[in-house]
Amino acid sequence: MVTGSHRVFGCAANFVRGRTCVFCGSFRVNRTRRGYVKCRTCRRQKSLAKLRREIAILQGFSQQVPAYRLAHDLGVDPKVISRVYQKLRAAVFHIAELEGMASKLSGEIELDEAYFGGRRKGRRGRGAAGKRVVFGLLERDGRVYTKVVEHVSADTLMAHIQTTTRKGSVYDTDAFRG
Ligand SMILES: [Zn+2]
């Protein structure tokens, strides 16, 4: 993801256990009988059950757990998960675009193609119909660049690679000969 996910989810443990306020980070919190955490500093409150679900979705997204599987694990409607995933993907892309304006990706770069959307009917893999393709360029220090590409061909891929990387970067593709 955008920053080191281990550190992010390590911090999240305090929120999940109800020790820290999610809004202001204060440790002066009380637990209510209805399962809420109430902050004595900013006076806001948050349902622990809801917070745990939100963090589980974030973690699933960061670990690339498929939406239907996460939905099954959490007992939530798969549509809800895919909607949140879409918003997160858009947010990651937006941040990557903003960062991309300041500096192009450099250093060692991993290329990865991920297929999302729809049920797996018919053909799988590249060329499968009705699938949205998210193409990602992952930088080793954790910064990521993603772009939604509707039609994957060597040309479109190379065009994206060339606009987002500096010359001399290493292209490390997992069994991709595009
Ligand atoms: Zn607070």
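This is a predicted model: local features need pLDDT of at least 70, side-chain atom pairs count only at pLDDT 80 or more; totals for chains, interfaces and linings use all residues.
In what order do the three strands of the open sheet stand? The legends below begin with the whole chain and then turn to this sheet, to a helix and to single residues.

Figure 1. Read from the N terminus, the elements follow one another as α-β-β-β-α-α-α-β-β-β-α-β. The chain has 178 residues, of which 13% count as buried.

**Figure 2. Confidence along the chain.** The average pLDDT of the chain is 70, and 49% of the residues score at least 70. In the stretch of residues 115-131 the pLDDT is below 50, and this stretch has twelve contacts in the model beyond near neighbours in sequence. In residues 172-178 the pLDDT is likewise below 50, and here the model has ten contacts beyond near neighbours in sequence.

**Figure 3. The open sheet of three strands.** The strands stand in the order S1-S2-S3, and their pairing is antiparallel. Strand S1 (29-31) and strand S3 (45-47) are at the edges with a single partner strand each, so one side of each has no neighbour in the sheet. From one strand to the next, the twist averages 20°.

Figure 4. S1 pairs with strand S2 (residues 36-39) in the antiparallel sense, over three bridges. Two facing pairs can be followed in this view: Val 29 has Cys 39 in S2 as its bridge partner, and Arg 31 stands opposite Val 37 in S2. The hairpin of S1 and S2 has four residues between the strands, and in this hairpin Gly 35 takes a positive phi near 85°.

**Figure 5. The pairing of S2 with S3 and the residue Arg 43.** S2 and S3 also pair in the antiparallel sense over three bridges, and here Tyr 36 stands opposite Ser 47 in S3. Five residues lie between the strands of this hairpin, and Arg 43 belongs to the loop between S2 and S3. The phi of Arg 43 is near 70°, which is a positive value in a residue other than glycine. Is Arg 43 buried or exposed? Arg 43 counts as exposed, because it has 10 C-beta neighbours inside 10 Å, and a residue is called exposed if that number is 12 or fewer.

**Figure 6. The two faces of S2 and the helix that lies across the sheet.** In a regular strand the side chains alternate between the two faces of the sheet. On S2, the covered face carries Val 37 and Cys 39, whereas Tyr 36 and Lys 38 are on the uncovered one. Helix H2 (residues 48-62) lies across S2 and S3, and it runs at about 70° to S3.

**Figure 7. Helix H2, its length and its buried face.** At 1.5 Å a residue, the 15 residues of H2 should span 21 Å, and this agrees with the 21 Å that separate its end C-alpha atoms. Which residues of H2 are buried? The buried residues of H2 are Ile 57, Gly 60 and Phe 61. Seen down the axis of H2, these buried residues fall within an arc of 100°, so they line one face of the helix. As a general rule, an α-helix has 3.6 residues a turn, so residues three or four places apart point the same way.

**Figure 8. Glu 54, a partly exposed residue of H2.** Glu 54 lies in helix H2, and it counts as partly exposed because 17 other C-beta atoms are within 10 Å. Glu 54 and Val 84 are 30 residues apart along the chain, and their C-alpha atoms are separated by 9.5 Å.

Figure 9. Gln 64 has its place in the loop between H2 and helix H3 (67-74). Its phi is near 60°, a positive value in a residue other than glycine. With 10 C-beta neighbours inside 10 Å, Gln 64 counts as exposed.

Definitions and conventions: Residues are numbered from 1 along each chain as its sequence is written. A residue is buried if 20 or more other C-beta atoms lie within 10 Å of its own, exposed if 12 or fewer, and partly exposed in between; C-beta atoms are placed from the backbone. Two strands pair if DSSP finds at least two bridges between them. Axes are lines fitted to C-alpha atoms, for helices over the stretch in contact, and angles run from 0 to 180 degrees between N-to-C directions. Two residues are in contact if their C-beta atoms, placed from the backbone, lie within 7 Å. The expected span of a helix is 1.5 Å times one less than its number of residues. The arc is that of the directions from the helix axis to the C-beta atoms. pLDDT is the predictor's confidence in each residue, from 0 to 100.
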